[in-house]
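Here is a short report for a first look. Please keep the sequence and the 3D view at hand.

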Amino acid sequence: MNFPPPPGVVTVPIRLNRPDEVKSSIDNLEAKLVNVKRGIEELLLSLDAQDKVSWPAFTTKCSSLASDLSTLQANLRKSLLMNSNEDNGEFIKNQLILPHTISPDVNPKLMALTENRVPVWNHETAPSFLRTKLSPTIEGEIAEVERDLQNINTSKNDYVKRITFLNRSLDNICSAVAEQMNQNKPSNKAKQPMFKNDETEMLVRGIYGGENILKGSNTAQRR
Amino acid sequence: MQVPELMNTSDAPITRSIPSGNHQVLEAVLHASILDEHVGHLYERLRGVCDPVFNSFEEHEMVFALKTGEGPDILVHFRRKLSQEPTLWHCRYVGTPIPDNGNLFAICRQSTDSIVYSKDLMEFVKSIGLRLEYEFVARGKVFTFGPIKILVFKTFTTEKIGTYSKDNLKPLLESHLVEAIIPIENEDGPKYSKQLKDFCDQLAPLVHFRKIDYTQRARVPY
């Protein structure tokens, strides 16, 4: 017996509490996600397109992506509603999503909705998209980061020890240099005279006035 | 006043800053001396402070006097490179220091330079009427620091007149003479002599530059 293909998304006619708000919040979410998706696409395209991507361009893309994600996060805290208070997402948390049909067949409507990325809504895709806990790999990474954070606080002693060690070596070097300098100084006990003032005068007078220089004799004797 | 141009090595070092138009220069000069054994230190110091190019020179200078009827004799200095044939002579007249009103940090005087090409200088000076007063040989180095010229040299006198080979040269005293000269522009003596003094003070305590009045000559009768 051929079952009709299950629909893409089913809106169950259950009386919803505040249906308009739910719809608007989901539209909001969709819009923000489109921005994020576009950002990621741009990033990947730029990497694929050229061999060498300019680093500043790359970082600007990453930063705009990060700002989109952070706006998304801020909006989630407000439950994606335009004019509500920050309820830490209580409102949308309280909305229930239940998987309606799980089938191993390829669902064309789902494919159309998701741009051919999710072909089936089966026992693998459904839990993966509906998960509420982080995937194990990510959980492991976060745990590691938190452990490093703890270590930093406790391992402050290492840094302090290193700093004192370096300070001590610097002091040793400084005292060695000062010692060397002092060693050389006492060799000229009294400051050695470098010049004699009288000689300056005599030399100048000699050059400009001919003092102390033997007077030249008759020019005829020259050469 | 022209900026001293790059040195033409065929000229004697002191001709470096001769301006082409005006041969007369007002210059500020300070003198110092340093004992022979410490000259090396001074050279190292100057090499560090001054411009990278410096030159050694060995020159023979003869000073002639033009006897005027009145007043002191006019002394004209003729210098040539000792290594070359004596055809190129640098001729210089050094004036008396201008009166100091207490605002000059160095001796300021007029100085006139010229170059003489002559195969036989003695004939030339004899025909002008100059008489040889004294002569000496100067051997040393010249440094520049911008417009400031610093000469460090030792004077030798010759025992036998006419021969200037190393054996006949007798050193005069035991020190090298250090001479620092700066040309003065716009007759602004105080400003340029201050520049010179500031530079010369950097060389303390190796040498101590002073204003030395060379005009008072106590002529020792021979």
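## Layout of chain B

Along its sequence, chain B runs β-α-β-β-β-β-α-β-β-β-β-α. That pattern holds three helices and nine strands. Helices (H or I, at least four residues) and strands (E, at least two) are DSSP runs, numbered from the N terminus. This is a predicted model, in which local features need pLDDT of at least 70, side-chain atom pairs count only at pLDDT 80 or more, and totals for chains, interfaces and linings use all residues. Residues are numbered from 1 along each chain as written, chains are lettered from A and ligands numbered from 1 in written order, and side-chain values use heavy atoms, without hydrogens or water.

Chain B has 222 residues, and 49% of them are buried (under 20% relative accessible area, with exposed over 50% and partly exposed in between; 1.4 Å probe, protein chains only). Its accessible surface is about 10,700 Å², with 52% belonging to carbon and sulfur atoms (Shrake-Rupley method, 1.4 Å probe). Of the contacts in chain B with a separation of 6 or more, 67% join residues 24 or more positions apart. Contact means heavy atoms within 4.5 Å.

## Strand pairs

Two strands pair if DSSP finds at least two bridges between them.

| Pair | Sense | Bridges | Residues standing opposite |
|---|---|---|---|
| β1(B) and β5(B) | antiparallel | six bridges | Val29(B) and Ile107(B) |
| β4(B) and β5(B) | antiparallel | eight bridges | Val94(B) and Ser111(B) |

Strand β5 of chain B covers residues 107-117, and strand β4 of chain B covers residues 88-97.

## Nonpolar cores

A nonpolar core is a set of buried Ala, Val, Leu, Ile, Met, Phe, Trp, Tyr and Cys residues joined through side-chain atoms within 4.5 Å. The largest one has 30 residues; Leu42(B), Ile150(B), Val178(B) and Phe209(B) are among those with the most contacts inside it. β1 (24-35), α1 (39-49), β7 (148-158), β9 (175-183) and α3 (189-201) of chain B each supply at least two residues of this core. β1(B) gives the largest share, five residues. A second, separate core has 23 residues, including Leu203(A) and Val29(B).

What does Val178(B) touch? Beyond four places in sequence, its partners include Leu30(B), Leu42(B), Ile150(B), Val207(B) and Phe209(B).

## Confidence in chain A

pLDDT is the predictor's confidence in each residue, from 0 to 100. Chain A averages 80, and 83% of the residues score at least 70. Over residues 216-223 of chain A, pLDDT stays under 50. Where pLDDT is low, the predicted coordinates should not be read in detail.
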